[in-house]
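Take the points one by one and find each residue as you go.

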Amino acid sequence: MGKHPAPLPGDRRYCRNHMWCKATDDGYRFGFTAYAVRLMQDVYFLEWSVDAGAAVAARQPIGFLESSKAQSELYAPLAGTVLRFNPSLLNDPSAINVDGYNAGWLFDLSGDPVGTLDVHEYRDFLTAGWEHTQRLLKKQVHETEDE
Amino acid sequence: MARKLTVVLSQAPGKHPAKRGLEESVAAALLVEPGVELAVVPNLYDLGPDHTGRLFLDAVRGDMVVISWLYPRAAFWLLDRNGIKGHYGETALKPPADDDEEETDTDTPVEKKETIGPAGTIPDRHIYTLDFRDAKSPGPFVDEVRRILAECKSRHEAKASSPPPALLELGLPAKSPIEPGLAAFSPDQLLADAGRRWYPVIDYSRCTNCLECLDFCLFGVYGVDDHDRIVTENQDQCKKGCPACSRVCPEQAIIFPEYKSAAIAGANDGVVGGLKIDLSKLFGGDAGDAITAAVAERDRELVADGRQAVGATIGIPKRQEGRDHKPKDELDKLADSLDDLGV
């Protein structure tokens with residue numbers, strides 16, 4: 001799977017949308033995995049379309065980001081209530097790249113972390129999905145219809 | 001003719017520092033440009049009918065350049081929908097890495113199907129819509145404004161030297177109407193906060209009036225005018241973030257200028273330059289075909305409104321209907337044999 005190692009700490013769980021998930025005092029904290037950061041490269045714009053306190057459904061669009069190589073809608077990894085967004089990212093999202101597993105966390109969410117994966121499962125998920133991911137990316141380079 | 005060229009800069013929504021920086025440097029460069037009258041308005045798409053910026057745009061009679069963060073096609077039809085009409089000015093400013101794309105002439109499109117086309121009288125002026133995303137520095141914008149200025153000047157000179165074709169002038173507003181000019185609008189009013197809006201913009205050079213959007217949208221956004229032509233009747237009943245009708249449109253004529261995906265935001269077909277890879281599907285977005293996505297989006301909005309989700313039971317185009325009655329051709333047979341293999 002690619003040439004670059006993507007470190008995955010074993011002290012947390014992982015989501016299929018390439019976020020990590022770690023229990024906090026009042027819920028779970030989420031951020032991008034090294035794999036996601038590797039795909040995006042330098043993130044320079046991040047905005048949230050819901051406010052802290054909002055109830056969100058799993059896979060509901062909650063924000064948007066743009067990086068040097070990519071752009072993406074961001075989706076809630078699970079159903080719950082958004083407790084807070086990382087305030088330090090709002091003016092400068094570079095911590096996502098510099099320290100994605102700690103200072104570059106994205107948001108805290110309360111909810112049931114159903115469907116999250118442990119580090120081994122996530123690694124298997126990445127390996128299994130790599131062919132598909134490459135196809136998805138290469139397809140976009142060749143055609144612009146992205147719907 | 002000493003007519004000035006009006007250049008309107010439409011700001012990006014939000015406070016993206018890189019975007020604001022480019023806007024300011026383009027404005028600074030054009031401010032000292034001879035023959036140019038410069039105005040800055042908030043995001044064109046957000047301007048309601050009563051906003052001063054919109055009143056100013058209404059008042060401009062001559063040739064106009066609008067530089068916005070919207071695709072040229074989106075900006076042009078957005079203005080047209082708001083009654084700010086003109087001929088489509090072809091810009092030489094193209095997205096990077098677009099050199100070998102074929103030019104499409106929007107003035108005389110080669111139509112396979114009959115489209116609605118521009119409605120009403122088109123005044124004798126050109127509107128050029130430039131996209132801020134097509135260059136990273138002010139230089140290319142200034143060069144393009146200069147080129148347009150020269151193009152408009154020679155067009156007017158050519159017109160002045162030949163006798164006016166009488167028929168074309170019928171029904172047009174009187175010549176040299178008194179323009180209030182930019183001085184009549186204070187910069188503060190022009191830049192008053194416009195709030196955010198969300199509604200579809202129909203590209204009438206593509207729309208065939210098939211009315212599938214009217215059938216599909218259950219929020220009463222669409223209607224028809226006196227001539228049974230599709231119009232966005234109630235813009236503000238549209239659901240923020242929902243581009244479902246655009247996915248349903250068979251001609252890709254419905255533009256949501258602020259939607260994140262280029263095809264829906266009004267990029268021309270085949271425009272690759274400046275586009276970025278969209279990771280939305282990897283990061284949890286819905287995968288699947290356009291109709292499925294549209295149905296899911298519509299259901300989400302219906303439920304948010306306290307209504308029942310309808311799934312695919314209402315307003316789904318039946319483009320495959322009747323196919324079975326035709327005799328099978330070679331391709332069908334091939335597809336059937338593949339099905340039989342069970343792969």
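1. What do the buried residues of H2(B) pack against? They pack against E1, E2 and helix H6 (187-190) of chain B. The residues in question, in helix H2 (residues 52-59) of chain B, are B:Thr52, B:Gly53, B:Arg54, B:Phe56 and B:Leu57. "Buried" has a cut-off here: 20 or more other C-beta atoms within 10 Å of the residue's own, with exposed meaning 12 or fewer and partly exposed in between, and the C-beta atoms are placed from the backbone. Helices (H or I, at least four residues) and strands (E, at least two) are DSSP runs, numbered from the N terminus.

2. Some housekeeping before you go further. This is a predicted model, in which local features need pLDDT of at least 70 and side-chain atom pairs count only at pLDDT 80 or more, while totals for chains, interfaces and linings use all residues. Residues are numbered from 1 along each chain as its sequence is written, and chains are lettered from A and ligands numbered from 1 in the order in which they are written.

3. Now the two chains. Chain A has four helices and nine strands, and its elements run β-β-β-α-β-β-β-β-β-α-α-β-α from the N terminus on. Chain B has 11 helices and 10 strands. Of the 147 residues in chain A, 33% are buried; for the 343 residues of chain B, the share is 34%.

4. Have a look at how the contacts reach along each chain (two residues are in contact if their C-beta atoms, placed from the backbone, lie within 7 Å). In chain A, 59% of the contacts between residues at least 6 apart in sequence join residues at least 24 apart. In chain B, residues 24 or more positions apart account for 75% of the contacts with a separation of 6 or more.

5. Back to E1 and E2 of chain B. Strand E1 (residues 5-10) and strand E2 (residues 36-41) run parallel and are joined by six bridges, with B:Val7 opposite B:Leu38. Strands count as paired if DSSP finds at least two bridges between them. Together with helix H1 (residues 17-31) of chain B, E1(B) and E2(B) make a right-handed β-α-β unit. Right-handed means that, with the strands pointing away from you, the path from the first strand over the helix to the second runs clockwise.

6. One sheet uses both chains: four strands in the order E4(A)-E6(A)-E7(A)-E10(B), open and with mixed pairing. Strand E4 (43-48) of chain A and strand E10 (277-278) of chain B stand at the edges with a single partner strand each, so one side of each has no neighbour in the sheet. E4(A) is joined to strand E6 (residues 61-67) of chain A by five bridges, and the two run antiparallel. There, A:Val43 stands opposite A:Ser67.

7. Next, the nonpolar cores, meaning sets of buried Ala, Val, Leu, Ile, Met, Phe, Trp, Tyr and Cys residues joined through C-beta atoms within 7 Å. The largest has 68 residues, and B:Val65, B:Val66 and B:Cys213 have the most contacts inside it. Its largest share, six residues, comes from helix H3 (residues 72-81) of chain B. A second, separate core of 35 residues includes A:Cys15, A:Cys21, A:Met40 and B:Phe283.

8. Is B:Phe141 buried or exposed? B:Phe141 counts as buried because it has 24 C-beta neighbours inside 10 Å. You'll find B:Phe141 in helix H4 (residues 138-161) of chain B. Leaving out residues up to four places away in sequence, B:Phe141 touches B:Val26, B:Ile67, B:Leu130 and B:Ala135.

9. Compare that with B:Glu251, in the loop between H8 and strand E9 (254-255) of chain B. B:Glu251 is partly exposed, with 16 other C-beta atoms within 10 Å. B:Glu251 and B:Thr208 are 43 residues apart in sequence, yet their C-alpha atoms are 7.7 Å apart.

10. Last, H10(B). Its buried residues are B:Ala294, B:Val295, B:Glu297 and B:Arg298, while the face turned away from them carries the exposed B:Val303 and B:Ala304. Helix H8 (244-248) of chain B is part of what covers the buried residues. Just after H10(B), B:Gly306 takes a positive phi of about 80°.
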